[in-house]
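Open the model in a viewer and keep the selection tool at hand.

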Amino acid sequence: MIEIKNTRVLVLAPHTDDAELGCGGTIAKLLDQGNEVHCAAFSACQQSVRPEFPPDILIREVREASSLLGIPEQNLHLFDYEVRTFNFRRQDILDTILTLKKKIDPQVVFIPSVNDVHQDHYTIAQEGLRAFKLCILFSYELPWNNLTFQSTSFSILSEAHLERKIAAIKAYKSQSHRAYMTDEFIRGWAHMRGVQIQERYAECFEMVRMKF
Ligand SMILES: [Zn+2]
């Protein structure tokens, strides 16, 4: 078993909530293991927030979710790209990622899957791959968006790590109508991935680049 320790980690999230959903338990675990974890979210989706919520609700929710996971406030990097337009801003997004790279110099990076069908997720995956091809690189899973996903790598989660993931996801009250935001789904998904490796709970990643 390979452990990630004393390392700078960067999670690239197209939208607020993608990092918590794809790797919230692993973020909690990596923090407990003494890693420096940064999370960058490229859009708070102000254009698609439901009318009963203030347009900036996701900015408040991502701050709360990150703090529940244990990410220091200064390690949460928020950007204001318009939702569903990332594919038209490819070079700007690459420049933003390269600025983060220079500032953080991460050794391990998490990106969405290059097989993610959402145009914003796909753009972050492609530009993340371009920027971090020389790093240890994993793609995280968002099953409702992945047509295919290679289950090549697993992060074992404790009950406490899973509970922190669930608490972080619950912070997104504006997204609670989505079928994948329920405790039942998050726990069942982690359990399904755990069963594949003879553990109770896990998160699954596609291994894009590895070095050891
Ligand atoms: Zn998203």
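Is aspartate 18 buried or exposed? Select it: aspartate 18 is buried, with a relative accessible area of 4% (buried means under 20%, exposed over 50%, partly exposed in between, with a 1.4 Å probe and protein chains only). This is a predicted model, in which local features need pLDDT of at least 70, side-chain atom pairs count only at pLDDT 80 or more, and totals for chains, interfaces and linings use all residues. Residues are numbered from 1 along each chain as its sequence is written, and side-chain values use heavy atoms, leaving out hydrogens and water.

Next, select the zinc ion. Its protein donors are His15 (ND1), Asp18 (OD), Asp18 (OD) and His121 (NE2), at 2.1 to 2.6 Å (donors are N, O and S atoms within 2.8 Å of the metal, or 3.2 Å for Na, K and Ca; water is not among the atoms, so sites may look incomplete). Along the chain the donors are spaced H-x2-D-x102-H. Histidine 15 is buried too, at 6% relative accessible area.

Move on to the rings. Ten aromatic pairs are counted (ring centres of Phe, Tyr or the six-membered ring of Trp within 6.5 Å; planes under 30 degrees apart are stacked, over 60 edge-to-face, the rest tilted). One of them joins tyrosine 81 and phenylalanine 86, edge-to-face, with centres 6.0 Å apart and planes at 65°. Both tyrosine 81 and phenylalanine 86 are buried. Select Phe42 and Phe79 as well: ring pairs link them with Tyr81 and Phe86 into a cluster.
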